[in-house]
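Student: Please bring up the model. I want to go through its packing step by step.

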Amino acid sequence: MASTDGTTYRHLFGAVWRDRIEADIYHRVVEACLEEPDIAKRLNKRPAANAEAVRAAMAAESNALRSINPTQEELIKLRAAVAAVRSIEGDQEARLQDMHLDWKTVSLGALVITTFMFRMTMGASSIFWFTAATALAVFALTCAYEDSRRTLVRALTYAACVPVCWIRAFDMRVAGSSWESELRAKGVRPLLRRIIDALLGDDPDELLLAESYDGLRTTASLHYLVESSSAEQLAHKMGQMDGGTIAVCGPRGSGKTTLLEGCIKDNDFSVFVSAPATFAPQDFLTSLFAKLCQQYMEAANYRAPNFARLTTTQRALQRVSPRIKRFLAWAAYAIPAFILVALGTFATIRTLKERHEKLLQSHVQHAVNSMCDVIFQVWQGQAPVYGLLVTLLGIFIWKHRKSDLWSTIFATLKGFAGFAVGASLTIYPVISLALDPDTGRYLRSIFGDSLTVLALIVIGLAYIVTDPVAYRGVWRLGRMEIEKKEVMQSLRIAWPIGAVCGALVIPALREFISDSGNPTRVLSLLAGYLIFKLSDWKPRSREPVLVTRCRSQLYRLQTVQSTTSTLNTSTSQVLSVGSSHATSVTTVPPNFPEVVAEFRDLLSDVAFSCSVKGKRTIIAIDELDRLGNAAEALEFLNEIKAIFGVPKVYYLVSVAEDVGAAFVRRGLPYRDATDSSLDDVVNVQPGTLKQSTRILRKRAPGISSPYVGLVHSLSGGIPRDLVRYGRRVVETEAKTGMGELAQIARQLIVEELLETLSGFRILLSKQQWDESASPALESFRRLMRILRSEEPDMQELHRDLSEFSEGRWSLGGEQVQMSTETSHLLLEASCYAYFSLTMLDVFGSEGFTRRSRAAAFQEDGDLQLLAEARQELAMSPYTARALLRSIRRAWNLPVAS
């Protein structure tokens, strides 16, 4: 989209703007808003709504005033800041014009600069004093002349006001940014939308103007999950129970799977499985058992065994490879670091060894000799007291062989010793540095040099200011954009490197760093840090019992284990007399009752361990409605209901509506597996228009209400079909380039009608017909011919569709004769055609917004009734046709008698 410069809006000076800055900010805000996706999508949808027309409208005085009215407070601050800048700029300009430079003032300035440079580089030398005296003489000479004195005063005033100019300019930029943000949010953006809506003409909501369609690409995703009454009901039922079996029933596509996935929280331990279309109960339970073991091991951070590769080498490599990878990643940093530290501290360690080795050896030798003397005396019986104590110690050790006392004592002693030694080694450098007689001299030399102190302060402040967390956004350098955070991260690394280089250059710091005691202090700090880390180190705990049980069950469920033992006995080679024995043992696969018992036992322990940690245990069995019919699903429940009822375990089972209906009829003379298998049922009903609006606007933000009504009516409120028809709407717009509701609706309804009637035609082709059915078949044929044409004539299509849907098939007053099955199929096809005719009349005609407002005053004018009529087609064509007639009356459409 081409943009313009600020001259478009500068013609409003005096009427709206007081300064060019205000016009430039207004121009930037308008252009930025025109580039926003939702506004840019609305432009050029109709000829009158284009960018140039919008710019012309925003350049009008009334619209400019309307834009800035909500931002008066920030605008007043900006104008005050601009006025202050303009005032001080005018004063500075006047001072510059009033100054008359001559040799005296120029020489004075040069001498002052030269004196300052000599002071910074040479200190209080003779050259410094000479230039200072010369500057004072020139200053006295300058003050003796009125013109030079006035120029000097003006120059000093100008120099003193430069920081004030910078501060005022900074305040103006801050005020401008604040007004720009508020103008964009409260003024320009809302007004732009109203102007574009006005340029779009009547019914702007009939244009497809969604901000994004990314959510329609994904059929099932928890990212687009919206709250529903079914989800609240399921959460409430689970909150009232400490475990149990809850069935989730509803029509296909109503969101049962999404409901099951959405109720599982991050803190829960869950196993999600899908029931296969054809199954054996034992195979299904074996698969569920194996998945339970695998997921529990993964939740406990243990690798589940992989039985797809059964060779010994592959299993060994699979077990060892993670450890090798971790070791290589550790060694990539540890080995270079160790080499560098060893190289830097080798001389210090050797010096300490030569200095203290003999003393340490003498102390250790004395302690060892004393201990050996005591042991020898006890052995010789010369120390009965020590002997008694040793005996009691042995009895004490034997008595506590199975307790955790020794591990506790060892952990306590290790932690205490590590803390004491580590703290001593860490505190030693601080104490030695404080007691070092040269420390005071170093500090006096460092802080006595003003340049060194200034450098340290600048580096410290720069390190604090360049915190990358505080910087967001980019700096623009022409067309190039530079991330602020990346620049600050680079500077954050550069400052310490610069500090080290500066320390090596500055004499005072270099002398302090090169002190002879510093290597020992650094070595002490490193040793203390290592001891602290070693005192906190703990060996990896052994594998938990439940993980071991899960591993054993996986081996039993997924492998066949065989053991062979062979024994050969023989005498010498000359005379051989012996025997050979072989034994083979193969484990027997567990039978169904055994699998059920072991599954319940393991799941009970898993649920208990999770409940101790505040976690729920959920077993979700999905797609049970794929088993064919209710009888097969009930038989499946009857087979596996033995695994239900485990304490603290929630079973969530998605079933068809028939199974839910059977549970509701419990307690009556009718009784089946649901009575003893399920604890409660949650019914997932098709969504209402309000819920469909939430779903579509979550997946396609900005989609207008007419399109929501179209998609909701076609889908009947079924979430899966809702997303599918939403995707079809986008495809229709992209394929045809049409953006009006009537055009998209006609194309979509005609395509859907063609697909559905083609299916009916296949079913009708298998029926037996006689000559009396020719009018019905001819009406069906003409309708299909028009639907298959590339550009159907809508008037002809409307006429033939009305004829077929209203059943005008009589010829010469004779009634069409056909079988009951054939008649019912034809009746369903005509009823669906009647529904499509109503959809075409409602959404495929111009002026939907105006007609929907008129229909809203009628009892049956709600769009929700169209979705209910779509649902009613699956129940009865008679009730669906009656509902469609009442809807057509509410929308003022013709109704056949």
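Student: Leaving aside neighbours within four places in sequence, which residues is L710 in contact with?
Tutor: Contact means heavy atoms within 4.5 Å. With neighbours within four places in sequence left aside, the residues that L710 contacts are V729, L741, A745, L748, I749, M839 and F843.

Student: At what pLDDT do side-chain atom pairs count?
Tutor: Residues are numbered from 1 along each chain as its sequence is written, and side-chain values use heavy atoms, with hydrogens and water left out. This is a predicted model: totals for chains, interfaces and linings use all residues, local features need pLDDT of at least 70, and side-chain atom pairs count only at pLDDT 80 or more.

Student: Which residues have the most contacts inside the largest nonpolar core?
Tutor: A nonpolar core is a set of buried Ala, Val, Leu, Ile, Met, Phe, Trp, Tyr and Cys residues joined through side-chain atoms within 4.5 Å. Buried means under 20% relative accessible area, exposed over 50%, and partly exposed in between (1.4 Å probe, protein chains only). The largest core has 63 residues, and those with the most contacts inside it are L710, L757, F843 and W891.

Student: Which helix gives the largest share of this core?
Tutor: Helices (H or I, at least four residues) and strands (E, at least two) are DSSP runs, numbered from the N terminus. The largest share is 13 residues, and it comes from residues 820–843, helix α33.

Student: How many residues are in the second, separate core?
Tutor: C249, C293, L557 and I640 are among its members. The size of this second core is 45 residues.

Student: Is L748 buried or exposed?
Tutor: L748 lies in helix α30 (residues 741–765). Among the residues it touches, beyond those up to four places away in sequence, are L710, L714 and Y725. Its relative accessibility is 0%, so L748 counts as buried.

Student: What distance separates the C-alpha atoms of L748 and E733?
Tutor: Along the chain, L748 and E733 are 15 residues apart. Their C-alpha atoms are separated by 9.7 Å.

Student: Which type of aromatic pair do F269 and Y296 form?
Tutor: Rings of Phe, Tyr and Trp (its six-membered ring) pair if their centres lie within 6.5 Å; planes under 30 degrees apart count as stacked, over 60 as edge-to-face and the rest as tilted. The structure holds seven aromatic pairs. In this one the centres are 5.8 Å apart and the planes at 85 degrees, which makes F269 and Y296 edge-to-face.

Student: How many residues apart are F269 and Y296?
Tutor: F269 lies in strand β2 (residues 269–274) and Y296 in helix α13 (residues 281–299). F269 is buried at 6% relative accessible area, and Y296 is buried at 10% relative accessibility. The pair links distant parts of the chain, and the separation is 27 residues.

Student: Are the rings of F848 and W891 stacked or edge-to-face?
Tutor: F848 is buried at 3% relative accessibility, as W891 is at 7%. The ring centres of F848 and W891 are 5.9 Å apart and the planes are at 20 degrees, so the pair is stacked.

Student: Which residues do ring pairs link into a cluster with F848?
Tutor: F848 lies in helix α34 (residues 848–855) and W891 in the segment after α36 (877–890), so their pair ties together parts 43 residues apart in sequence. Ring pairs link F848 into a cluster with F843 and W891.
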